[in-house]
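Try each one yourself before you read its solution.

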Amino acid sequence: SCERFGPPAGLVALIGGVEADEFGPFLGHATRTYDDLVSRNLRSTVVTVEAVAGAMVAAGATGSLVAISAATAIAAAPYHALYAAAKAGVMSLARTLALELGPLGLRVNTIAPGAVETRPAVDAEAIARLERAVIPLGRRVQPDEIAAAALFLLSDLSSAITGQTLVLDGGALAKPGFLDEDDVPLAEGGGQHLLEDGGAPLRVGERDGGVEPRPEASGRDVLP
């Protein structure tokens with residue numbers, strides 16, 4: 001209790017998740033899973049932050065509140081749309097509370113992890129190939145990296161940071177879907193590179209449905 005131990009010095013709200021039977025298309029799953037998903041991933045954070053922030057403000061304490069969101073809140077999240085929506089709500093909540101609680105001496109931020117390695121992969125080689133293909137750093141996030149980010153946001157090293165989301169995803173959200181595992185643009189259909197062997201850029205052409213050389217173009221210009 002606050003009477004025995006004093007007011008909290010900060011908070012990391014790590015609450016939420018998705019059950020296996022909650023994955024599925026929006027149609028047919030949305031209303032069935034809504035209450036549990038939103039309660040687990042948004043309401044739980046609201047209740048926790050309100051209790052801790054209230055105790056800190058009542059005691060005149062300053063500090064930092066960190067809520068764990070998810071990278072899927074920033075991008076599309078097929079087959080777990082409500083989870084992503086609830087986690088986006090956590091981000092929005094933090095931005096608003098940063099303004100409300102800032103004058104009272106509290107900072108509020110979120111951490112948005114991407115794919116996290118929480119257990120050994122059944123097919124480690126296949127997972128490693130997938131990670132190299134879709135994550136620029138070539139691997140999933142480790143749990144201790146999330147803990148390190150939380151410690152940073154709790155500490156005075158981040159004393160000027162509030163209302164922000166720190167994304168930990170190895171660069172996955174920064175990588176467009178039209179780049180292959182070597183970060184080379186792909187042509188439409190068949191996965192053909194948009195760069196010739198000699199390095200001359202190509203662009204998708206309307207004639208004959210093929211590609212035609214365009215040596216003067218930059219790599220940014222050749223995207224389909």
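Ala, Val, Leu, Ile, Met, Phe, Trp, Tyr, Cys and Pro count as nonpolar, Asp, Glu, Lys and Arg as charged, and the others, Gly among them, as polar. Keep in mind that this model is predicted.

**Exercise 1.** Sort the lining of the second largest pocket into nonpolar, polar and charged residues.

*Solution.* Start with the pocket itself: its volume is about 240 Å³. Next, list the lining, which consists of Ala-115, Val-116, Thr-118, Arg-119, Pro-120, Ala-121, Val-122 and Arg-140. Now sort these residues: five are nonpolar, one is polar and two are charged.

**Exercise 2.** Describe the largest pocket and find which helix gives the most to its lining.

*Solution.* First, note the volume of the largest pocket, about 910 Å³. Then look towards its centre: of the 35 lining residues, Thr-72, Pro-113, Gly-114, Ala-115 and Val-116 are the closest to that point. Two or more lining residues come from each of helix 3 (81-101), helix 4 (124-134) and helix 5 (143-154). Helix 4 gives the most, with four residues. Finally, sort the lining by type: 23 residues are nonpolar, seven polar and five charged.

**Exercise 3.** Is Val-12 buried, partly exposed or exposed?

*Solution.* Begin by locating Val-12 in strand 1, which covers residues 10-13. Its relative accessible area is 36%. Buried means under 20% and exposed means over 50%, with partly exposed in between. Val-12 is therefore partly exposed.

Key: Residues are numbered from 1 along each chain as its sequence is written. This is a predicted model: local features need pLDDT of at least 70, side-chain atom pairs count only at pLDDT 80 or more; totals for chains, interfaces and linings use all residues. Side-chain values use heavy atoms; hydrogens and water are left out. Buried means under 20% relative accessible area, exposed over 50%, partly exposed in between (1.4 Å probe, protein chains only). On a 1 Å grid over the protein atoms alone, a cavity is a set of points where a 1.4 Å probe fits but cannot get out, and a pocket is an open set with protein on both sides within 12 Å along at least five of seven lines; lining residues have an atom within 4 Å of a point. Grid points are joined across faces, edges and corners, and a volume is the space filled by probe spheres set on the points.
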